[in-house]
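Please consult the sequence and structure shown below while reading.

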Amino acid sequence: MENIGEDIIAMALPVALFLLNTNRVQKAIECCKESLFLMNCNKEENDLQSMKLHLLEFYFILFRAYLRIFDYINVERCCRELLVLSHESGALLIEGFLSMVLGNICEIQCKFTEATQLYNKAINIRATTGDKKGEVNAYVRIGAMFHKLGEYVKAKEYYERALHITIQICDRDGEALSYLNLGAVFYLLREDLKAKEYIERALAIRIEMDNRLEQATCYGNLGAVFMGLRQFVKAKEYLEKALAMRTEIGDRLGEAADYENLGHVNFLHRQYFKAKEYFEKALVIRAEIGDRTGEAEGFLNLGIMFESLRQLVEAKKYFEKALTLNNEIGNRKGQAKCYEHIGSMFISFGEYIKAKVNLETALAIATEIGYRKGEALCYKGLGDVLCNSVGDYIKAKDYVERALAITTEIGDREGEASCYQGLRNVLFLLGDYNRAKECNERALAISIEIGDRAGEASCYAGLGSVFRSFGENVKAKEYTERALAITIEVGDRRVEANCYGILGNIFSSLGQYVEAKEYFRNALRISIEIDDREGEATSYANLGHLFTMLDHQIAEVCLEKALYLFRTVKVSYLELQIFFSYSILFLQQNKLEEALFYLHQNICKFEEQRNLLGINDQLKTLFLEVRGAYPYKLLSWSLCVTRNPHHALYVEELGRARGLSDLMAENYSVETHVSANPQSWSGIGDILKKESNSTCLYISVFENFVQLWIIKSSDVIFYKEILVKENFVLAGLTKNLSLGEILVDSFHSFGCLPMEECEDRSLQVGEPQPISLEQSSSKASRLLEEDDNEEEISSIFLCYKIFIAPIYHLLEDPEVIIVPHSSLYKVPFAALKEKDGAAYFSESHRIRIVPSLTTLKLNQDSPVDYHSNSGALIVGNPKVGWLSPLPWARKEAEMVGRLVGTAPLVGESATKQAVLEQITSVSLIHFAAHGDAERGEIALSPNQTPDNPKIIPPKEAYMLTMGDVSRVKVRAKLVVLSCCHSANGQVRAEGVIGIARAFQASGARSVLAALWAISDSATEKLMRRFYEHLVGGESASESLHQAMKWMRNNGFTMESDWASFMLIGDDVKLEFGKQR
C-alpha cells in the first residue's frame, strides 16, 4: 500500500458509498478514514487536482455518515473541510449548499454572527449561479433566524427579497410562504393591518393550491393578528378553525401552537382559568411528541401568565421548570429568556440582588449568542434594579438608553415604548420633569400606534405624575383618570393601584383630604390583593404622610408599616419619603429630637444617592431641587429652633452651590470636605481668617422667615430670625405674597431704558433671521414701562430693613461678603438704604457675593499656579449679521484694551475660534457683547463662508455656550460680563444657573456681572473708573466700590445707573505690568 494508485482510490469510493447506503455507517466511516490516511501519506505521488476531487468525495460521504448517526461535532468538522475544498476546486454549487448547511449548524449552536456570514455567502453564490429557488431558500433561512432573534426589521428585509424572487419565477408555494413570513413579522412589529393583509394573501394561495396544512397555519396566524388588534372573538374563531384542521390532518405541533394562542387570547380576555387550561393542553402535546424546546416554552408561558396575575410563587415554579429543561437540552436562547423572566420576577418581589444576578446571567448569554431582543430586555431590567434599589440613576439611565438603542435598531416597537417609560421613571426621580414628559409622550405615541392599551394606560398615569409635579393638578387629574379607565378595562391591577395613588396625591395637594384618603386606601387594597409589596409600602407611606395633617396616631401606624415593608423591598426613593414624613409628624408633635433624627437620616440617604450622580451637574442640580432642598431647609430651621444655629449653618452649606463646588473642586483637583456627617461640621471661621477685613453675612429664606448669620474669623458670632410678614404689612404689601415673589418683581423696571439711551446687549432670539439694512442700523428697542418707581424705592427700603438693619451694628469691617439664597440673587445689595436721603449700604462697605462658603474656600485652596498672572482677552461687539450691532460695546472694549494694554477682538475678528484659543491662558476676560444669561450663551462672530457669506451657520459655530466653557479650563482671575442681565439666570436651590456660574465652574476666580441693563454712557463711565482703579493695583472689590462711588458723586444719582454690577467670588488683584 506504499504507492497507492488512482485505481485503489477509485475502488475505495464506491465501497464506502455502498456501505453507507446499506446502513453500515461505522464501516463506511472507517473506510473513508483509512482512505484519507493513505492519501495523506502518499500525497506527493498523487495528482493534486485528482486528489482534491477524491478528498471532496470522501469528506462528502463522511459528512452524510456522521449526519446519519447525529454526530454533529464531526458533521461540522467535515462541513468545514468540504467548504474549503469546494472553494479551492471552484465547485460553486457544492460550496453554496455547504454554506447553507454550516450556517444552519452555527445557528443551532447560537453562533449567529458566523451563521449570518455563511447564509449571505450562500445567497451570493446562488445569485451567481442563477439558482433562484436556492437563493429564495437562503433568504428565508436568514430571515427566519433574525425573526427568532427578535430583529424584525432585518427579518422583514430578507423576507421581502425572497418574496420578490418568488413572484419573479412564479413560485406560488414560495410566494405564499413569503407572505406568511412577512405577516408574522408585521405582527411582531405591531403593524397589525399589514400583517392581516399579507397573511390573507398567503391564505388565498393555499386555498387555491388546496394545501390544508398550510391553510391551517394561515388561520392560526390570522388568529394571532386579531388577538393583537384586541378583536378577541375573531381571534378565537380563526384559531379554533386552525385547530380543527390541524387535529383532522394530525399536525400535532400545529395543534400545540393553536392551543397556546388560544391560551393567550383567553388570558387577554381575562378568562384566566381557560387560558391555563389551553396552555396546559399545549404543554401535554409538546411532551408527547418530544418537542422539548416547545415544552420549555410552554412552562415559560405559564410562568408569564402567573407573573401577570401577581401569583409570583406559581410563576417562579414554572420559570424554574422551563430553565431546567432548557439547561438539559442546551437551549441558550431559552436559558436567557428564563433568567430574564426570573430576574424581572425578583424585581416584583423587591429582591434586587437576586434580580441583578439573574439579569446579568441572562445578559451574558444573550450577548454571547447575539440575541438582541434579550439584551434589550436585560438592560432595561438592570436599569430598573439600579434605579429602585440603590438610587444609582446615572447607571440606570445608561442601561435603559442602551436598551432603547437596541429596540429602536431591531424594530421592537413595544420594547421601545417600554424603554421610554423606563427613562421617564429615572428622569422623574431625578426631578428632570420636562425630559420625563418628553419620554412619556414618545412612549404614549408608540403605544397608541401599536394598539398597546396597557402601555397607553401606563403612559397616561406617567403624565398624571409629571403634571402633578408641575403643579398643574387639573391636567394631572384628567390624565390619571384616563389611565384608570383603561387599566380597569384591560385588567392591569398594578397600574390601577398606581393611578389611585397618583389621584390621592393630587387631591392631597389640593387640600381635599377625604378624597385623597379614599384613593390611597383603594391603592393599598389592590396592592395587598395582588401581593405588590412595593405598592403596599408606597400606599402606607402616602397614607402616613396624609395623616400627619389629620391624625398623628394613624400616621405613625402607617409609617411604621411602610418602613417595615421598605426593609423587604428596599426601594431607594421610598426611604427618603418615609424618613421625611416621619420628620414632619414629629415636628408637628413638637418631638424635636425624633424629628432631627429622621431629617438627618433623610439627608444622609440623599447624600448617598447624590454621590452616585458623579460629575453630572445638570442632574445634580435637578436632584437637589426636588429631593434635597426642602429637607435641608427644614433641618436647618429645626436646628435653629433647638438653639443650634452653628450646626444649622453647616446644613445650609450642604444645600448651597453644591454642584458648583463639585465642578470647581474637579478643576482645581482639591477636595470639598462637604459632608452630612456632623463630625465634619467645623472650621467655617477658618475660611474667614483668610479674608482680611471682611465680615460674612449669610442669608437664608424659609417659608415666612429670613435667617441671618454673621460670621467672622472667630466663627459664627450672631444669628437672628426675621418674620417677613410683619415687614410686608409695614411696607403696605399683602401678607399672601412670598418674599421670593416680591423680589422677582421688585426691581423689574431697573434697566428698562429708552432705545436712545441703551443698546440692547441681551440675546432674546430664537432661530437667527437675516435683518434688513434699516433694522441693522437702528438700535434695538427697549420696553419703557410707565412705572412711578415707588415700588422699587419701597423695595430698597424693605430689603434694607429685612437683611441689613438687624445686623448693621455687627458689620464693623470695611467689606461684607454676602451669601444670598435663592431669589435674593435678584437683590441689588449695593443700592439698599434705610430711607430716602439716607446713605446707601455700599457707601460704607465694599460688597462681594459668594454662592457658598465652600466655593470661597475652594478659591482659597486653589493651586498657586492654577490662575494666569498675565494676558487679557477683551471682546467687543462681535459682528453677528442677524443681530443689531453694538457700537458702544466696541468703544467699551477698545477703552478697556487701551487701559490694560491689550488689543481687543472686535467685529469680525471676535470669532468663537479666536476666543477659545485665548480663553484658557489669560488672567482677565472681558465680554461686551450680546448674551443670554439664562441659556448661558454669548454671541460671537461666525467665520464667514467665502462662497456664500449670507448663509447663517449653525449655532455651535458662533455661540459660546456654558457647555463650551465647561469643556475648557478657564484660568482667569477675573471675568467681566458686560452683557445685559449677565448676573441673572434660572434661580434654583443650587443658586443662579447662568453664564456667570459657568465661568466660575470652569475655574474663573471672580466674575463681575450685571443684574440689569444700564445706559450706554453710564456703562462706559463705570467700566472706565473700574479699570482705572484695577490697573492702578487695587482689588476688584475696591475697584467696583470706588467706581460706584464716583458714579454717585458725578451726576448718576439713580440706582439703576450704578448698582447693577455685582462681584461674585474671590477678591482679586491683577498684575497689568506684565502685559502692558
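In the protein chain, 68% of the contacts with a separation of 6 or more join residues 24 or more positions apart, a contact being heavy atoms within 4.5 Å. The model is predicted: local features need pLDDT of at least 70, side-chain atom pairs count only at pLDDT 80 or more, and totals for chains, interfaces and linings use all residues. Residues are numbered from 1 along each chain as its sequence is written, and side-chain values use heavy atoms, with hydrogens and water left out.

Of the 1076 residues in the protein chain, 58% are buried, that is, under 20% relative accessible area with a 1.4 Å probe, counting protein chains only. The C-alpha trace spans about 120 × 75 × 55 Å along its principal axes. The chain holds 47 helices and 16 strands, which are DSSP runs (helices H or I, at least four residues; strands E, at least two) numbered from the N terminus.

The domains below have bounds from an automatic or database domain assignment.

| Domain | Residues |
|---|---|
| Domain 1 | 1-69 |
| Domain 2 | 91-202 |
| Domain 3 | 406-642 |
| Domain 4 | 655-762 + 791-849 |
| Domain 5 | 854-944 + 952-1065 |

Taken over C-alpha atoms, the centres of domain 2 and domain 5 lie 64 Å apart.

Helix H41 covers residues 887-900. Its buried residues include Ala889, Glu892, Met895 and Leu899. Among the elements covering the buried residues of H41 are strand E6 (872-878) and helix H45 (1016-1031). Gly901, with a positive phi near 80°, follows H41.

Definitions and conventions: Expected span 1.5 Å × (residues − 1). Buried < 20%, exposed > 50% of the residue type's maximum accessible area, 1.4 Å probe, protein only.
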